[in-house]
Amino acid sequence: MKRFLLGMVAVMAAACCFGQKKVALTPDLVIDGGYLSIERHDLFPETISGEMDCEVSNDKLHENLTTFMFFSKKAEVVMEKEDKLILFCKDIPVGTDNVSTPVGNFTRSKSEVSFLITIDISGRGYKYEISEMKINRRVDRVDDEYFATARREDMEILAGTGIVPGLMHFGSIDLPTKGEPNTVHWQRVYAMQAERNGYVNLVCREGKTTKGLKSSWVDKVKRQDDRIASEMRVYDQEYQAVLDFAESLNSKLTGEIP
C-alpha cells in the first residue's frame, strides 16, 4: 500500500510539472487563427451601366426625373443637353456610428459615397452609366510603430496599395479617407492588418511564453479585428448604397413606384 501511495505521489508530481511547462508564444496561441491575412477583392468597377425599357414617353421620363430630383435631395443636374442628362449624386450616407461626447451622444454615418449618373433617353427607354465613384470615410489612425514587427509580406502588400512604409514615422498616422473606393478601402485595411499582425508579433516577443500572455494584449488584438471587420462591412455597404440609389432612380423613372 505504501509503495502504491508513493507511486501515485510521483505521478501527480510529474503531471504538475508538465502542466507548468512553459510553452513558447506563437501567433496561434495569442489569438485563435494567428495572423490575419485578408485577400483583396475589389467591389467597385470603373463604371456601372444598364439599359431600361419602359412604357412611358420621353416627356414622362423627364417629369419623373424632375420629381425624383426634388425628393432625393442628394442629386443635382450638372449637364442637360436634349435627351442626355448628367446627375451628380453627392454625400450619400453609409452605415451608422454612435458617438459619445461630454455634451451628449449622437449618431453619424461611417462613410459617404458620391458619383455621377449619365442618362441617355432614346425611344421608349434610356441607358444609364454610373461613373467617378468616390468615398469619404471617417478619420481613423494606426500606430505605425508596430510596422517594425509586422511580417514582410504585410508590408509588401501595404506598399502595393501606394502607402510606402519607408516614409512612415513612428507614431500615430492618419489613414486615407477620400478618393477612389477600392484604393482608399484597401489602403486602410492593409495598414490595419500590418498594425495588427505586427502587434501580435510584439506580444510573442514580450510575453515569450504562454504564462507571460496578458489578457489585455489579447483584448487589444480582438479590438483590432473588430475594427478591420467594421471596415469590410462599410465597404460592402458603400457599394450597395450606389446600387440602391440606381435602383431607386430606375424605379421612379419607369413609373414602377408612385
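Mentor: Let us begin with C54, which is buried at a relative accessible area of 6%; buried means under 20% relative accessible area, exposed over 50%, and partly exposed in between, with a 1.4 Å probe and protein chains only. This is a predicted model, in which local features need pLDDT of at least 70 and side-chain atom pairs count only at pLDDT 80 or more, while totals for chains, interfaces and linings use all residues. Residues are numbered from 1 along each chain as its sequence is written, and side-chain values use heavy atoms, with hydrogens and water left out. C89 is buried as well, with a relative accessible area of 0%. The number of disulfides (pairs of cysteine sulfur atoms within 2.5 Å) is zero.

Next, the chain as a whole. The protein chain contains six helices and ten strands; helices (H or I, at least four residues) and strands (E, at least two) are DSSP runs, numbered from the N terminus. Of its 258 residues, 41% count as buried. Among contacts (heavy atoms within 4.5 Å) with a separation of 6 or more, 73% join residues 24 or more positions apart.

Helix α5 comprises residues 181-207, 27 residues in total, and it reaches 39 Å from its first C-alpha to its last. That span is close to the 39 Å expected at 1.5 Å a residue, where the expected value is 1.5 Å times one less than the number of residues. Because 23 of the 27 residues of α5 are buried, the helix is largely enclosed by the rest of the structure. Just after α5, K208 adopts a positive phi of about 70°.

T149 lies in the loop between β8 (141-143) and α4 (152-160). T149 is buried, with a relative accessible area of 12%. Leaving aside residues up to four places away in sequence, T149 touches G198, Y199, N201, L202 and R205.

Two residues separate β4 and β5, which form a hairpin. Within this pair, N98 stands opposite T107 in β5.

How values were computed. Two strands pair if DSSP finds at least two bridges between them.
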